[in-house]
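The following note sets out a few points on this model for discussion. Please read them alongside the sequence and coordinates.

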Amino acid sequence: MKIGFNIDFGFKRKYELVERDNEGGFFYQTLSNIFKGGKFKSYQHKVDVVLNNPATLMVISLNCDLFSMGKINSYKNEEIDKLNVLYDYRKKPNEFQTWKQFLWDYMFWNQLGEAFLYTPSNTLNNPIYWLNPSRLEFSKAIKKKLSYMPINNISIGNEKVKYTFENGETRDIPLKEITPFFDLSNGISGNWYQGNSKIDALYQVIMNSERGLTAKYGNLDFSDKFVINGDYSTKDLGSFNTQSDAEKQDIERKVTGNKKVHSVKVPIKIERFTNNLAQLKLDESFLNDYFIIGKMFNIPRDVLESKLQGGATFENQEKSLSRHIEQGLKPKGEDLTDAFETLFDFEDLRISWNHLNFNQVIEKEREEKKTVQLNNLKLENEIVPMNATELKTRIDEINNQ
């Protein structure tokens, strides 16, 4: 039997969950116990942890940096009509950001679970912004409407949510001016405007990484501290340890002074509090956490290593980077361009990274491969002639790879 309430026994400890077993005994679970189970206290807590954890931020910012280098182009008849088409409508998305920064923010918020695009009047004539999800307040009535599947086309666009700015001011924003994007599907959260993040599943990994950094700091702090004791005999050790406080302070002052040579009455031994940092393997632990977090976001190891010194060969990094953009970042970009098409009446928008140097190298390799295949097809056709339909089909297959 479970009873869900808070109990205060006067010991400054709050109990969130009380369970009673079949024999009548009680088990009390504290708030801290539940939190240690692997859960962020709030959305803002998640943001703060990500921004202050090096391993996590390295992975998150890697994706943000790559995504922000994409360019959104418009197309007609499968051909590029305008490059960087958004610049034709607004030089900047808002007064405070460039389009590059705007794309960076989209990827940041998306990876944390949800990104909320605020488009006043749903036109590019007005500035557009990304909202901090932790500052959005949904009323109970709106949450209820967002937690079920309506049979009829009931519009909730005119419903308003409260947004609190950093200075404490608030604004009521219609839902129709907020477009949500999600890291994982919004169909598993129980609220159509709330998503989940891979970061949520990484809570324990991130906390372990934090503990590793704290441990390294503590051991480094102790690595320049020393213990001094008698070394040669019980008699010597006794005489050293039974000295007066004034004598001990005098020894400590001399040892920590600038003098190079000291004479002492009793042979002594000096040791560091922390003798071998390498045995703790703290840096190795940090890298393991970094690669685990990167793996959760489907980032190839070669790409993760490219952010570190050394790693894979340049060629392998280029190919891995291209594959990651195609499989990991492009789908997120398509979500954004699809929304822009709906909100701002664009016909066909696509995000592209083809202008980047590594993609040009890969495109060159692709064209060289096609040339070899077409030459082989030509020789094959000379040996065993094909009919026009078959030949055209084979050529199309090569060109469409």
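How many contacts beyond four places in sequence does the model have for residues 231-238, where pLDDT stays under 50?

1. The model is predicted, and for residues 231-238 it has eight contacts beyond four places in sequence, with pLDDT under 50 over that stretch. A further stretch with pLDDT below 50 covers residues 26-36, which has 26 contacts in the model beyond near neighbours in sequence.

2. As to overall confidence, the protein chain has a mean pLDDT of 77, with 65% of its residues at 70 or more. Helix H1 (residues 31-35) has the lowest confidence, at a mean of 40, whereas strand S8 (residues 129-131) has the highest, at 97.

3. The largest nonpolar core holds 58 residues, and within it Trp130 and Phe340 touch the most other members. Beyond its neighbours within four places in sequence, Trp130 is in contact with Phe102, Asp105, Tyr106, Trp109, Ala115, Phe116, Leu117, Phe181 and Leu336. Another core lies apart from the largest one and has 13 residues, including Phe138, Val161, Tyr163 and Ile173.

4. The second largest pocket contains about 570 Å³ of space. Its lining comprises 24 residues, of which Ser42, Tyr43, Glu114, Pro133 and Gln194 are the closest to the centre. Two or more lining residues come from each of helix H2 (43-52), strand S7 (114-118) and strand S9 (136-137); H2 gives the most, with three.

5. In composition, the lining of the second largest pocket has eight nonpolar, nine polar and seven charged residues.

How values were computed: Residues numbered from 1 in each chain as written. Predicted model: local features only at pLDDT ≥ 70, side-chain atom pairs only at ≥ 80, totals over all residues. Heavy atoms only, no water. 1 Å grid on protein atoms, 1.4 Å probe; cavity = no way out; pocket = protein on both sides within 12 Å on 5 of 7 lines; lining within 4 Å. Points joined across faces, edges and corners; volume = space filled by probe spheres on them. Helix = DSSP H or I, 4+ residues; strand = E, 2+ residues; numbered from the N terminus. Nonpolar A, V, L, I, M, F, W, Y, C, P; charged D, E, K, R; others polar. pLDDT = per-residue confidence, 0-100. Contact = heavy atoms within 4.5 Å. Core = buried A, V, L, I, M, F, W, Y, C linked by side-chain atoms within 4.5 Å. Buried < 20%, exposed > 50% of the residue type's maximum accessible area, 1.4 Å probe, protein only.
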